[in-house]
Amino acid sequence: MMGMPDLSRHMMAFSPQVPPWCIDILLAMAVALAVMGVVRRVRGSVWRLLAALGLIAWLCNPQRITETWHPLPETALIMVDQSASMSERNRDEMARNTAERLQAEMNRVPGLVPRIVTLREAQHGGTRLFGALRQAADIPPSRLAGAVLVTDGEDHDIPASVPDMLDPDDGHGHRTMLPLHVLLTGSGEETDRHLRVLQAPPFAIVGKDVTIRVEIDDQGAHPAPGATTQLTLTQGDGTTFSRPVQIGQPQDITLPVTHPGEMLVGLSAPELPGEVSTRNNHDVIRINGVRDRLRVLLVSGTPNQGERVWRRLLKADPSVDLVHFTILRPPDRDDGTPLSDLALIAFPVNELFQQKIDQFDLIILDGFENRGILPEAYLRNIVNHIRAGGGLLLIGGPEFLTPGSLQDTPLSDILPAHVASTDGMTVRRFRPDLTETGMRHPVTSGLPGAPDHAGGQPGWGPWYRSLHTDTAGGEVLMTGPDQQPLLVLDHAGKGRVAFLLSDQAWLWSHGEGGGGPQSELLRRISHWLMKEPELEENQLEAEISAGQMTITRRSVTAGPPPVVHVIAPDGTTQSITLEPAGNTGLTRARLPARQEGIWTVRDDAGHEAFAAPRAEDPVEFADLRATASLLAPMAAATGGGVHWLGDNPQAPSLPQVVMEDGRVTSTADRFAFPARNAHSVSGQQATSMLPAWAVGLFVLVMLLVAWWRESRS
């Protein structure tokens with residue numbers, strides 16, 4: 001503090017003129033000679049001892065030290081809590097105003113300097129006041145007077161014992177307890193209802209039920225034993241139902257998983273009368289629906305390089321059960337090979353294509369040449385299965401050029417392309433290319449290494465033969481030589497069909513001419529056929545992060561920017577026009593979305609998407625009360641006080657601030673800090689306590705007395 005007068009202190013010190021061991025020897029010799037003299041009754045021994053002691057005392061050089069002290073102010077830390085929970089009821093504003101007024105009050109106390117430290121919102125783990133206090137206490141321990149916490153009382157790193165920064169060692173084995181005072185932003189203990197999701201699986205199987213566990217706690221209140229309340233559950237499609245939940249007891253709730261992909265379920269507990277906030281009365285859980293063990297039937301014709309690719313791809317997916325048959329020899333061919341060398345079991349045509357065909361999500365016919373293997377009745381079963389919702393992939397090769405190929409069977413009703421009867425095969429080097437639709441379709445959009453005609457990028461490695469079509473329906477995603485269709489997708493009733501008009505996709509896996517994304521392409525095709533949500537051609541998505549909603553719509557057809565309608569959890573609606581994101585089939589928009597709960601986004605084509613903000617720090621909002629129950633024990637252990645600021649954010653009530661010597665005594669209306677007498681030495685003066693002339697005179701007198709005593713013997 002400026003203007004404080006300097007203080008002085010007097011003390012005695014020794015500054016020996018010879019090494020200490022010399023003094024020890026001289027002292028021992030003087031005492032020994034004196035003892036011998038006394039024993040032998042030599043007169044004057046005591047006086048000679050006194051003369052020696054005077055000389056030894058002079059050699060020790062005792063000095064009177066006068067120090068001048070400059071008093072140093074002590075620092076009181078003011079920790080201002082500005083975490084997320086302080087936004088309730090203008091607590092953050094009250095904390096800031098309190099810190100400013102407290103700073104002005106402390107500036108009027110001689111020897112005390114306030115220092116404000118603001119704790120911003122933590123990313124995870126809730127409010128951590130003591131961690132911030134340790135970082136702020138970077139001043140010498142002798143100059144720290146204590147700390148004041150301006151908070152709602154919700155702290156998540158309270159230590160089990162008083163931290164060392166509030167119980168410092170002075171270097172001499174003595175500890176001085178420094179007070180921790182607490183200023184609470186409120187007028188008294190509050191209540192709060194908290195909905196907790198104890199257990200919610202991130203994944204669940206479509207078509208089965210999933211169990212979640214929740215609990216509703218009334219914090220600061222004392223509900224009657226067995227008291228219940230209603231928990232409201234709202235699914236993304238708007239379905240709402242209620243369940244009774246006992247207060248303070250875990251409750252299991254069963255939900256059906258109706259579709260693959262993310263399923264949002266909003267949970268809401270009614271308001272507790274008088275509670276501080278309903279912010280933590282709501283929660284949203286996310287459950288991703290997955291289909292159970294997708295079953296794939298792969299039937300290969302003559303063994304080829306491609307079937308190994310398919311086996312490796314499908315076997316690597318743990319969610320796929322693969323049934324694979326290779327037709328080594330059709331029934332109309334006899335090459336003398338024994339049946340025992342061709343198959344361990346007979347081809348189960350009736351079981352696969354009559355009895356269990358409905359169990360397969362995807363049927364792949366790779367180079368399959370019928371040749372009477374499947375009667376027309378079984379082929380019609382395949383068609384009916386696809387139209388009922390199954391998936392069919394055909395990989396075409398030379399077998400489509402022979403009479404009686406698959407396009408001459410009932411399968412022709414669902415095939416998206418027809419191979420020309422003449423010149424049906426093109427054999428020459430070509431690079432697969434994407435069509436305009438292919439650049440927008442999720443199956444082929446963004447494939448690694450795709451050709452870029454504008455940038456001169458050649459694209460993928462070459463293939464050497466493909467089928468030539470005379471008609472093609474559906475969506476042509478890739479083209480081959482002479483811009484002929486190479487990959488065609490189509491819908492058949494509720495099912496889907498894909499036709500790859502070349503059997504040389506395996507060349508990419510061998511790196512031919514640079515290779516290509518063979519595994520990724522085949523994976524996307526098969527997953528599109530099995531109706532995986534992320535590969536839908538026309539889809540609407542919404543995601544909320546950091547208070548911003550991102551809406552994304554994919555469309556494989558060009559057109560004007562679409563308009564979507566956004567419905568907030570409180571029912572308000574607004575219309576947003578999406579902006580194109582290049583030539584990718586994607587349009588996007590962003591808008592603020594800070595309301596808790598499930599948001600709904602709809603477009604004019606009937607697509608819907610649901611989104612909900614994620615809790616950024618669930619610990620921070622677990623308890624929104626202003627309470628002294630957590631910090632009061634620590635304040636009491638340090639000799640600090642706890643004070644409620646009241647309900648007026650602009651003029652909070654403050655306790656009296658004082659400094660006192662010794663152990664401080666604080667109350668709810670009086671915060672005391674210890675006067676620790678921190679100082680710096682501004683000057684030092686040493687004065688010899690035994691002048692040489694005085695010592696010499698003393699020694700001379702003692703020797704004369706000794707001589708006089710000895711002469712009288």
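Let's start in a loop: aspartate 482 sits between strand 24 (475-479) and strand 25 (485-492). Its phi is near 60 degrees, a positive value in a residue other than glycine. Keep in mind that this is a predicted model, where local features need pLDDT of at least 70, side-chain atom pairs count only at pLDDT 80 or more, and totals for chains, interfaces and linings use all residues. Residues are numbered from 1 along each chain as its sequence is written, and side-chain values use heavy atoms, with hydrogens and water left out.

- Most residues other than glycine have a negative phi.
- Arginine 89 has a positive phi too, about 55 degrees, and is not a glycine.
- You'll find arginine 89 in the loop between strand 3 (74-81) and helix 3 (91-107). Helices (H or I, at least four residues) and strands (E, at least two) are DSSP runs, numbered from the N terminus.

**Domains**
- The protein chain splits into domain 1 (8-70 + 682-712), domain 2 (83-190 + 626-677), domain 3 (192-283), domain 4 (294-534) and domain 5 (539-611). These bounds come from an automatic or database domain assignment.
- The centres of domain 1 and domain 2, taken over C-alpha atoms, are 56 Å apart.

**Transmembrane annotation**
- An unreviewed UniProt entry marks residues 21-39 and 690-708 as "transmembrane region"; such annotations may be inferred rather than shown by experiment.
- Residues 21-39 are 100% helix and 0% strand, with end C-alpha atoms 27 Å apart.
- Residues 690-708 are 89% helix and 0% strand, and their end C-alpha atoms lie 26 Å apart.

**Helix 1 against helix 2**
- The axes of helix 1 (residues 20-39) and helix 2 come within 9 Å and cross at roughly 175 degrees. Axes are lines fitted to C-alpha atoms, for helices over the stretch in contact, and angles run from 0 to 180 degrees between N-to-C directions.
- That makes the pair roughly antiparallel (an angle over 145 degrees).
- In contact (heavy atoms within 4.5 Å) are residues including Ile23 and Leu26 of helix 1 and Ser45 and Val46 of helix 2.
- This contact has 14 nonpolar, two polar and no charged residues. Ala, Val, Leu, Ile, Met, Phe, Trp, Tyr, Cys and Pro count as nonpolar, Asp, Glu, Lys and Arg as charged, and the others, Gly among them, as polar.

**Helix 2 against helix 11**
- Helix 2 (residues 45-60) and helix 11 (residues 692-711) have axes that come within 8 Å and cross at roughly 165 degrees.
- Helix 2 and helix 11 are therefore roughly antiparallel to each other as well.
- Among the residues making the contact are Trp47 and Trp58 of helix 2 and Phe698 and Met702 of helix 11.
- Here the classes are 13 nonpolar, one polar and three charged.

How values were computed. Parallel < 35°, antiparallel > 145°, perpendicular 65-115°, else oblique.
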